[in-house]
Amino acid sequence: MINWNGTLQEPTEALVHNRGFLYGDAVFETLKVVDGKILYWEDHYFRLMASMRLLRMVIPMSFTLEFLEQEVVHVLEANNLKSSARVRLTVYREDGGYYTPQTRNVGYLLSATALASQAYELATAPYEVELYKDFYLPKHLLSTLKTTNKMISVLAGIYASENGYQSCLLLNESKNIVEGISGNVFMLSGNRLVTPPVTEGCLQGIMRKQILKLASKIEHLEVVEQEISPFDLQKADELFLTNVIVGIQPITQYRKKSYSHTVAAQLVALLNANLV
């Protein structure tokens, strides 16, 4: 028996033995589905496979692109989600051992919730950010993966909530801007659109990849991957965050600096054009 929030009950794998819960020994993908189609599915799939290999997980022979796609469809049908949905696919190493696992085999969990809109929308409400400086992201490969160990993002979210900000920007040990709490960061200065390279420790974002591709099609816009210091933010014209669910989230203010969202609006239009 176990005690779960004051209630004695039989243990289950989901509560007690799941290594994703116990040690953060899991990776996940957050998917946006529109009319039964997983957006950027191949990019998600190959990122998941690369992450599993890096974490020394055994990839089951059944984990084909088609199999996992069908598993997503099953959970959507079971929840009667037909228009637009957010799906989380978590892959965890199976039970056994403590810090050192006894197996490299994996299990997986899929869950889905409805989204209000199919298309990406440009938010215009105030969105103020601040730097989170209590802890820093390390500049190594693990920082680029979507693992279930997201404590720095969690603490940054609490800091933002307690201090009246909508989000925070995370830093690495070199004190450079890495990303937001739940997405990559882009900065427009003049005609240069800049985002940190993954060597800075930022997530290998699926939407980041799309924005880099689409931004290169905008005339007179130079797209650059390079370090961003906090001092650069004061000179920027636009600042925005990206992820697959929201698309583009414009940042309207950082300290005394306010930002426009002209290029962000162009990119949202291009994103939606590609959804048709």
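Predicted model: local features only at pLDDT ≥ 70, side-chain atom pairs only at ≥ 80, totals over all residues.

1. Overall dimensions. The protein chain has 276 residues and a radius of gyration of 20 Å, which agrees with the value near 19 Å that a compact globule of 276 residues would have. The C-alpha trace spans about 60 × 45 × 35 Å along its principal axes.

2. Secondary structure and contacts. The protein chain holds eight helices and 16 strands. Of the contacts with a separation of 6 or more, 68% are between residues 24 or more positions apart.

3. Burial, surface and charge. Buried residues are 46% of the 276 in the protein chain. The accessible surface is about 14,200 Å², and carbon and sulfur atoms contribute 53% of that area. On the charged side, there are 25 positive and 28 negative side chains, with 4 Å between the centres of the two sets.

4. Strand β5. How many of the 10 residues of strand β5 are buried? Eight are, so this strand, residues 84-93, is largely enclosed by the rest of the structure. Strand β3 (residues 26-34) pairs with β5 in the antiparallel sense over nine bridges, and Phe 28 has Thr 90 of β5 as its bridge partner. β5 is also joined to β6 by nine bridges, again running antiparallel. In that pairing, Val 87 stands opposite Ala 112 in β6.

5. The β10-β11 hairpin. Strand β10 (residues 184-189) and strand β11 (residues 192-195) pair in the antiparallel sense over three bridges. Leu 188 has Leu 193 in β11 as its bridge partner. Two residues lie between the strands of this hairpin, and Gly 190 takes a positive phi near 65 degrees.

6. The β11-β12 pairing. In which sense do β11 and strand β12 pair? The sense is parallel, over four bridges, with β12 covering residues 222-225. Val 194 stands opposite Val 224 in β12.

7. Val 129 stands opposite Tyr 254 in β15.

8. Tyr 127. Where does Tyr 127 lie? This residue is in the loop between β6 (106-114) and β7 (128-137). Tyr 127 counts as buried because its relative accessibility is 17%, and the cut-off for buried is under 20%.

9. Neighbours of Tyr 127. Leaving aside neighbours within four places in sequence, Tyr 127 is in contact with Gln 166, Ser 167, Leu 241, Gln 249, Pro 250, Ile 251, Thr 252 and Gln 253. Pro 196 is 69 residues from Tyr 127 along the chain, and the C-alpha atoms of the two are separated by 21 Å.

Technical notes
Residues numbered from 1 in each chain as written. Heavy atoms only, no water. Rg over C-alpha atoms; globule rule 2.2 N^0.38 Å. Buried < 20%, exposed > 50% of the residue type's maximum accessible area, 1.4 Å probe, protein only. Contact = heavy atoms within 4.5 Å. Areas by Shrake-Rupley, 256 points an atom, 1.4 Å probe, with all protein chains shown as cover. Lys, Arg positive; Asp, Glu negative; His and termini not counted. Charge placed at Lys NZ, Arg CZ, Asp CG, Glu CD. Pairing = 2+ DSSP bridges.
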